[in-house]
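Please read them alongside the sequence and the coordinates.

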Amino acid sequence: MAELKVGDAFPSGVQFSYIPYTPEAGDITSCGIPINYDASKEFAGKKVVIFSVPGAFTPGCSAKHLPGFIENLSKLKGKGVDIVACIAYNDAFVMSAWGKANGIKDDSILFLSDPGTAFSSKLGWTMGERTARYALVIDDGKIVYAEKEPGREVSVSSAEAVLAKL
């Protein structure tokens, strides 16, 4: 798989690691059980926003990137977005805890692990061993927005940039 661009089909066989939110494991120190999340299957026929961050609990990701998606979640849903997913190289336990630490107590934003940066590496969108900062919008299996940040800022992958393209 090469870098995805507008007009491309979302690839088959894309899987992430994920811990679904449950009230029983709602505390930040509670661990759920990671499952394989078949993104190719789960995203089929839906409008999906993926935003990728270099790492959970890191300053830029926690202070600049994720908050915009939390604040604009209702606007994204109002534009017909079915799934909002955040991915990072961190394991599913860290991603789950990061969601809880940010007050996400449901599946309104999925916190998905890109194990070994498998997906991001296939795109060529990594920062060393971490996932790069980027955003994708998939609508019924087609890429309608695909932008990787050119530097360390949050601009083309921000919630506001994504909203402007929906």
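1. Cys 61 is located in helix α2 (residues 59-71); helices here are DSSP runs of H or I with at least four residues, strands are runs of E with at least two, and both are numbered from the N terminus. The model is a predicted one, in which local features need pLDDT of at least 70 and side-chain atom pairs count only at pLDDT 80 or more, while totals for chains, interfaces and linings use all residues. Residues are numbered from 1 along each chain as its sequence is written, and side-chain values use heavy atoms, with hydrogens and water left out.

2. An unreviewed UniProt entry places the feature "active site" at Cys 61; UniProt positions follow the numbering used here, feature names are shortened, and annotations may be inferred rather than shown by experiment. Cys 61 counts as buried because its relative accessibility is 1% (buried is under 20% relative accessible area, exposed over 50%, partly exposed in between, with a 1.4 Å probe and protein chains only). Beyond its neighbours within four places in sequence, Cys 61 has contacts (heavy atoms within 4.5 Å) that include Val 53, Pro 54, Trp 98 and Arg 133.

3. Strand β3 (residues 47-52) is largely enclosed by the rest of the structure, because six of its six residues are buried. Lys 47, Val 49 and Phe 51 are buried on one side, and Val 48, Ile 50 and Ser 52 are buried on the other.

4. Which strands pair with β3? Pairing requires that DSSP finds at least two bridges between two strands. Strand β8 (residues 134-139) runs antiparallel to β3 and is joined to it by six bridges; Ser 52 stands opposite Tyr 134, and Phe 51 has Ala 135 as its bridge partner. Strand β4 (residues 83-88) pairs with β3 in the parallel sense over five bridges, with Ala 85 opposite Ile 50.

5. Strand β8 is also largely enclosed by the rest of the structure, because five of its six residues are buried. Six bridges pair β8 with strand β9 (residues 142-148) in the antiparallel sense, and Ile 143 in β9 is the bridge partner of Ile 138. The two strands form a hairpin with two residues between them, and Asp 140 in the turn has a positive phi of about 50°.

6. Ile 87 belongs to strand β4 and is buried, with a relative accessible area of 0%. Ile 87 and Thr 131 are 44 residues apart along the chain, and their C-alpha atoms are separated by 8.0 Å.

7. Among the lining residues are Tyr 18, Ser 96, Lys 100, Asp 106 and Phe 111. Helix α4 (residues 92-101) gives the largest share of the lining, three residues.

Note on methods: 1 Å grid on protein atoms, 1.4 Å probe; cavity = no way out; pocket = protein on both sides within 12 Å on 5 of 7 lines; lining within 4 Å.
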